[in-house]
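User: I'd like to walk through this fold with you, one question at a time. Can you take a look?

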Amino acid sequence: MSHRGPPKDQVYVRRRGRMTAGQARALDELTGRYRVDEAAFLDQLPLDRRCGLEIGFGMGQALVEWCCAEPETQIVGIEVYQPGIGSAMLRAEQVAVTNLRILEGDAARILAASTTTPWLDELRIFFPDPWPKKRHAKRRIVQPDFIAVAASRMRPGALLRVATDWQPYAEWISEVLPHEPLLQNLGGADGFAPRFTDRGETNFEARGRRLGHPVWDFLYARQDQRAG
């Protein structure tokens, strides 16, 4: 099965940022427990186990909550922000989760490099970087080529959940997702879905809500076959 790769203009940039002592400790001491090398992950995809993926998990709150809610599911998180990776591992250690694997890298490239045998049962993209400047819009993770690859890696019935608080990005997403033939909209006629109640409110979302920023949710499912 042929597939398209990630958008050529999408560049993976490691983001270090300011790191707390706890996050630095986590990167030093917990890497062996929770992080996985990209090559090893691609070689050992859990094809015989339910698997969920969150792209751009930020500080890891929703990611770890997902691990706790579905202990039998292999949860994978991909992030480029090192303090966020450290924070996620600290949270995971505090609640002793055992079903978490974290990768640092370009999610588009990782998905494109993964087996074309569908392996994902749920994909979550919460509050991705909106790249608000018009000339940077091509760097957004939600692109037709990326969504085509992601959908092809989803098992029939698998869910795609996306949320953003940036209206121009919501409009962009609402144009991209309906054009992927492998996906079916489970939201309303306008393309938007009710807020995903199992998504814990992060500090980022709470701050936006206080500032009066609405949040747009999207919910799609992988169809059994291409509409034709």
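User: How many bridges join E2 to E3, and do they run parallel or antiparallel?

Analyst: Quick caveat before that: this is a predicted model, where local features need pLDDT of at least 70, side-chain atom pairs count only at pLDDT 80 or more, and totals for chains, interfaces and linings use all residues. Residues are numbered from 1 along each chain as its sequence is written, and side-chain values use heavy atoms, with hydrogens and water left out. Strands here are DSSP runs (E, at least two residues), as are helices (H or I, at least four), numbered from the N terminus, and two strands pair if DSSP finds at least two bridges between them. Within that pairing Ile75 stands opposite Leu100 in E3, and the count for E2 and E3 is five bridges, running parallel.

User: Where do E2 and E3 sit in the sheet, and what is the strand order?

Analyst: Seven strands form an open sheet with mixed pairing, in the order E3-E2-E1-E4-E5-E7-E6. The edges are E3 and E6, each pairing on one side only. Axes are lines fitted to C-alpha atoms (for helices, over the stretch in contact), with angles from 0 to 180 degrees between N-to-C directions. Ignoring direction, neighbouring strands of this sheet are turned against each other by an average of 20°. As for the order asked about, it reads E3-E2-E1-E4-E5-E7-E6.

User: Is E3 enclosed or open to solvent, and how many of its residues are buried?

Analyst: Buried means under 20% relative accessible area, exposed means over 50%, and partly exposed is in between (1.4 Å probe, protein chains only). E3 is largely enclosed by the rest of the structure, because its buried residues number four of the five.

User: Which helix makes a β-α-β unit with E2 and E3, and what is the handedness?

Analyst: A helix lies across both strands, running at about 170° to E3. A crossover counts as right-handed if, with the strands pointing away from the viewer, the path from the first strand over the helix to the second runs clockwise. The helix is H5, and the unit is right-handed.

User: At what angle do H1 and H5 pack?

Analyst: The axes of H1 (residues 21–29) and H5 are 8 Å apart. Contact means heavy atoms within 4.5 Å, and the residues involved include Gln23 and Leu27 of H1 and Ser87 and Met89 of H5. Angles of 65 to 115 degrees count as roughly perpendicular (under 35 roughly parallel, over 145 roughly antiparallel, the rest oblique), so H1 is roughly perpendicular to H5. The angle is about 80°.

User: Is Ser87 buried or exposed?

Analyst: Ser87 lies in helix H5. Not counting residues up to four places away in sequence, Ser87 touches Gln23 and Met59. Its relative accessibility is 9%, so Ser87 counts as buried.

User: Which residues of H4 are buried?

Analyst: H4 covers residues 61–69. Its buried residues pack against several elements, among them E1, E2, H5 and H9. They are Gln61, Ala62, Leu63, Val64, Trp66 and Cys67.

User: What is the relative accessible area of Arg199?

Analyst: Arg199 is in the loop between E6 and H9. Leaving aside neighbours within four places in sequence, its contacts include Phe126, Glu205 and Asp217. Arg199 is buried, at 2%.

User: And Asp190, buried or exposed?

Analyst: Asp190 also lies in the loop between E6 and H9. Its C-alpha atom is separated by 8.4 Å from that of Ser174, 16 residues apart along the chain. With a relative accessible area of 52%, Asp190 is exposed.
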